[in-house]
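Please keep the structure in view while reading.

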Amino acid sequence: MTAVYFGVHLYLHVPFCARRCSYCDFAIAVRRRVPSDEFADAVLREWEGWQSHPAWETSPDIATIYLGGGTPSLLDPESLARILAAVRRDRSVAADAEVTLEANPEDVTAERCRAWVAMGVNRVSLGAQTFDPAVLDWMHRVHGPARIPNAVAVLREAGLTNVSLDLIFGLPEDLGRDWRRDLDAALALEPAHLSLYGLTVEPHTPLHRWAGRGEIRPVSEERYAAEYLAAVAALGSRGYAFYEVSNASRPAAESRHNRAYWTRAPYIGLGPSAHSGLGPERRWNRREWADYARAATAGDDLVEGRERLDRAALRLEALYLGLRTRDGVPEDWLSPADAGRWRAEGWAAAPAPDRRLRLTPEGWLRLDALVAAV
């Protein structure tokens, strides 16, 4: 089994983007001018409020930091550095802490890379999505395919060798995207890690409107599954292992921050729409940047909602998250009938000596339905 990373895991949501992607329903704010200083001021007010939380009594150190979004690479490096300096001033950050920055290829420059390294970033998740220029345009992405290898080269020259690439599969067939060609292009760059996300049609997105008007036809379930299984095979043949349904890495290059979510380690989220999970406690912030910024300035509560999970909900969460990973769950968490049926259908692996039940890639494709039926 993979190690659990002890301590608190910190997530910072940077909501700003140059434009909204056609499929995106995240809490973002499209801005021509990114209000970096205002953002840092607001987040540091929120961070100050966390210092008296009892979570620090049992997990006093910060094990990982993840700068996500949105597009954190758009934020002025000095503002990012100010936030991270305050975190290190107020809390002990592990000497080997994984510090990840999400970046778009068009934002990666030698100057910015030097600034990111200086503030302690040691891992970059690069939003490639596809190498097809027509599909990048359809997605409303800013970069062209040539910017992806260029960005990887610039990152490595700066010493940021722990690079992850994001790719999206399951696109509408009408686009004519060649998924295997995208996989080959990504693997040619030899990233340490890849995250593969299946396209979903979310409400209130351009993609949803296009589908509603019949302008695009969502991919069939058969093609969606075939593309996922093709990725599992292609990456496996090149030395990558899927340690979670959407994530594969080379040895010792798993995302420690994401592993923390799946093992239900304590995490704190800062910024608009950010979520926090501390034991049974769940809380989430005001979603929109403008509302979050106003509340921070006024000294109002930044939390939009809270809940406390009961024992049944915690068990269901642990089951779902465990089955997402290659670690699986204890065999006795499921009935012999369910475990037997899953194995007979090829959705779960053969019994293991450690008596843990693990899903196969075919099972991962059915994860939601399998857990709902338990």
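Which residues in H7 meet which residues in H9? Trp179, Arg180, Leu183 and Leu187 in H7 meet Glu227, Ala230, Ala231, Ala234 and Leu235 in H9, where contact means heavy atoms within 4.5 Å. The model is predicted, so local features need pLDDT of at least 70 and side-chain atom pairs count only at pLDDT 80 or more, while totals for chains, interfaces and linings use all residues. Residues are numbered from 1 along each chain as its sequence is written, and side-chain values use heavy atoms, with hydrogens and water left out.

**Helix packing**

Helices (H or I, at least four residues) and strands (E, at least two) are DSSP runs, numbered from the N terminus. Axes are lines fitted to C-alpha atoms, for helices over the stretch in contact, and angles run from 0 to 180 degrees between N-to-C directions.

| Pair | Axis distance | Angle |
|---|---|---|
| H7 (residues 179-188) and H9 (residues 221-237) | within 10 Å | roughly 30 degrees |
| H1 and H3 | within 9 Å | roughly 15 degrees |
| H1 (residues 36-50) and H11 (residues 289-298) | 9 Å | about 60 degrees |

Angles under 35 degrees count as roughly parallel, over 145 as roughly antiparallel, 65 to 115 as roughly perpendicular and the rest as oblique. H7 and H9 are therefore roughly parallel to each other. Their crossing is right-handed; a crossing is left-handed if the near helix is turned anticlockwise from the far one by less than a right angle, and right-handed if clockwise. The residues of the contact of H7 with H9 divide into seven nonpolar, no polar and two charged. In this scheme Ala, Val, Leu, Ile, Met, Phe, Trp, Tyr, Cys and Pro count as nonpolar, Asp, Glu, Lys and Arg as charged, and the others, Gly among them, as polar.

H1 and H3 are likewise roughly parallel, by the angle between them, and H1 passes H3 in a right-handed crossing. On the H1 side the contact includes Phe39, Val43 and Trp47, and on the H3 side Ile83, Ala86 and Val87 are among the residues.

The crossing of H1 over H11 is left-handed. Glu38, Phe39, Ala42, Val43, Arg45 and Glu46 in H1 meet Trp289, Tyr292, Ala296 and Thr297 in H11. Six of these residues are nonpolar, one is polar and three are charged.

**The cavity**

On a 1 Å grid over the protein atoms alone, a cavity is a set of points where a 1.4 Å probe fits but cannot get out, and lining residues have an atom within 4 Å of a point. The count comes to one cavity of 30 Å³ or more. The largest cavity holds about 30 Å³ of space, a volume being the space filled by probe spheres set on the points, which are joined across faces, edges and corners. Its lining is formed by Leu10, Leu12, Ile65, Leu67, Ile83, Leu84, Val87 and Leu270. Strand S1 (8-14), strand S4 (61-69) and helix H3 (77-90) each give two or more residues to this lining. The largest share, three residues, comes from H3. By class, the lining has eight nonpolar, no polar and no charged residues.

**Backbone details**

Most residues other than glycine have a negative phi, and most peptide bonds are trans. A cis peptide bond joins Gly69 and Gly70, with omega about 20 degrees. Gly70 lies in the loop between S4 and H3. Gln129, in strand S6 (residues 123-129), is not a glycine but has a positive phi of about 75 degrees.

Definitions and conventions:
On a 1 Å grid over the protein atoms alone, a cavity is a set of points where a 1.4 Å probe fits but cannot get out, and a pocket is an open set with protein on both sides within 12 Å along at least five of seven lines; lining residues have an atom within 4 Å of a point.
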